[in-house]
Amino acid sequence: MTVVLATQENIRKASQILSSGGVVAFPTETVYGLGCDTTNKEAVSRVYTLKNRPNDNPLIAHVSTVEEAKKITIGWDDRCDQLAERFWPGPLTIILNRRESVPKEACGGTDTIAVRCPNHEIAKKLIKEFGGPISAPSANISGHTSPTTATHVHNDFGDELFVLDGGPCDKGIESTVISMVGNPTVLRRGSIEVGELLHVISGVVAQTPASQNESPGSSDKHYAPNARMVLQSSKEISKQYGEDIVFLVIKTKPASGTVITLPTTSGEYAKLLYAAIREADAMKPKAIHVEKPPNTPGWEAINDRLRRASS
Ligand code: TXA
Ligand code: MG
């Protein structure tokens with residue numbers, strides 16, 4: 001068992017592993033997920049152990065239809081229908097109250113559950129083949145950078161884990177998480193921006209970083225490489241030098257050091273960011289210096305992740 005091509009046969013194998021209470025990694029359009037059977041407490045506990053994840057940090061249940069989402073949630077209303085119609089399948093995670101039938105262990109012990117319908121052929125096939133919701137956090141050791149390739153997953157978990165390889169993820173940054181329990185509140189910024197949500201339903205607010213405690217995984221010190229990461233203005237970067245520093249830049253060239261250049265558009269940047277952070281970290285530098293991206297629409301989630309990774 002290790003990284004395998006996501007052929008129909010291997011998807012069937014992955015589904016069998018899930019049915020027998022095992023764990024598999026699979027690609028989604030955002031990042032790779034570490035999946036298990038939502039309804040199987042032992043399987044869920046395996047995911048927490050593998051990731052070294054605090055067991056009060058709830059998991060997202062991945063479904064392939066709105067009907068499946070309704071089967072595990074309470075309170076799916078017209079607004080949820082509108083969000084799903086516009087953004088599903090896609091990188092939007094909706095939090096509602098959890099049905100009694102879902103073990104609380106799959107939700108970090110809370111009364112709520114997060115659901116998402118991923119927009120990725122392999123993920124969709126796997127959920128259909130399995131025939132039920134698959135709980136899956138990002139397939140990285142807790143607190144580390146999320147994986148956007150099968151190799152990233154393999155680097156974190158080794159040969160013991162069955163990984164369906166679907167190539168690099170298209171979005172590269174995790175889903176937007178919105179709580180629909182009470183007023184619509186964005187708990188984690190992601191590929192879909194708050195402004196886009198406001199086009200579909202009214203009254204969406206975003207938790208400020210300081211008030212961000214409702215989504216335990218949104219705490220700072222997430223997405224962090226081992227090396228110290230520092231955010232710097234273009235001007236600061238241009239004056240910097242140091243052979244033992246890796247620079248992640250968009251346009252600016254430092255005086256010396258190893259440079260990884262990222263794309264100028266937010267979509268392409270997001271897609272390559274985590275791979276670049278992992279690549280930089282693998283060089284074991286003294287520090288990773290990152291050129292601050294623009295503070296304009298399209299860059300919200302990227303700036304959020306960079307802030308956390310450098311906190
Ligand atoms: O794009 C994604 O969302 C990826 C792919 C695999 O779907 N998954 C992912 O899962 O990023 P994870 O576990 O790494 O992050 C889920 C986030 C965490 O911050 C968690 O605390 C929050 O969603 N979350 C999940 N269920 C929640 C709940 N019931 N209440 C509040 N926050 C919740
Ligand atoms: Mg994660």
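Student: I'm looking at helix H2, so what do its buried residues pack against?
Tutor: The buried residues of H2 pack against strand S3 (33-37) and H6. Packing here rests on contact, meaning heavy atoms within 4.5 Å. Helices (H or I, at least four residues) and strands (E, at least two) are DSSP runs, numbered from the N terminus.

Student: Before we go on, what sort of model is this?
Tutor: It's a predicted model, where local features need pLDDT of at least 70, side-chain atom pairs count only at pLDDT 80 or more, and totals for chains, interfaces and linings use all residues. Residues are numbered from 1 along each chain as its sequence is written, chains are lettered from A and ligands numbered from 1 in the order in which they are written, and side-chain values use heavy atoms, with hydrogens and water left out.

Student: OK, back to H2. Which of its residues are buried?
Tutor: First, the word: buried means under 20% relative accessible area, exposed means over 50%, and partly exposed is in between (1.4 Å probe, protein chains only). H2 covers residues 41-51, and its buried residues are Ala43, Val44, Val47, Tyr48 and Lys51.

Student: Why do they count as being on the same side of H2?
Tutor: Because they cover an arc of only 145° around the axis. The arc is that of the directions from the helix axis to the C-beta atoms. Look at the other side of H2 and you'll find Glu42 and Thr49 exposed.

Student: What happens at the two ends of H2?
Tutor: At the start, a side-chain oxygen of Asn40 reaches to within 3.0 Å of the backbone nitrogen of Glu42. That's a polar contact: a pair of N or O atoms within 3.5 Å; within protein, one must be able to donate a hydrogen and the other to accept it, and residues adjacent in sequence count only if both atoms are side-chain atoms. After H2 comes Asn52, with a positive phi near 60°.

Student: Now the ligand. Which residues come nearest to ligand 1?
Tutor: A residue is near a molecule or strand if one of its heavy atoms lies within 4 Å of it. There are 29 residues around ligand 1, and Thr30, Arg53, Asn57, His62 and Ser175 come nearest.

Student: Which strand gives the most to the shell around ligand 1?
Tutor: S7 does, with four residues. Strand S4 (60-62), strand S7 (112-116) and strand S11 (185-188) each supply at least two residues of that shell. By type, the shell divides into 13 nonpolar, 11 polar and five charged residues. (Ala, Val, Leu, Ile, Met, Phe, Trp, Tyr, Cys and Pro count as nonpolar, Asp, Glu, Lys and Arg as charged, and the others, Gly among them, as polar.)

Student: Is Arg53 buried or exposed?
Tutor: Arg53 counts as buried, at 15% relative accessibility. It lies in the loop between H2 and S4. Setting aside residues up to four places away in sequence, Arg53 touches Tyr48, Pro58, Leu59, Pro137 and Ser142.

Student: Where does Thr176 lie?
Tutor: Thr176 is in strand S10, and it's buried, with a relative accessible area of 1%. Its side chain reaches the backbone oxygen of Ile192 at 2.6 Å.

Student: And Leu18, how do I read that one?
Tutor: Leu18 lies in helix H1 (residues 8-19) and is buried at 0% relative accessible area. Leu18 and Gly35 are 17 residues apart in sequence, with 7.7 Å between their C-alpha atoms. Beyond its neighbours within four places in sequence, Leu18 has contacts including Val24, Gly35 and Phe130.
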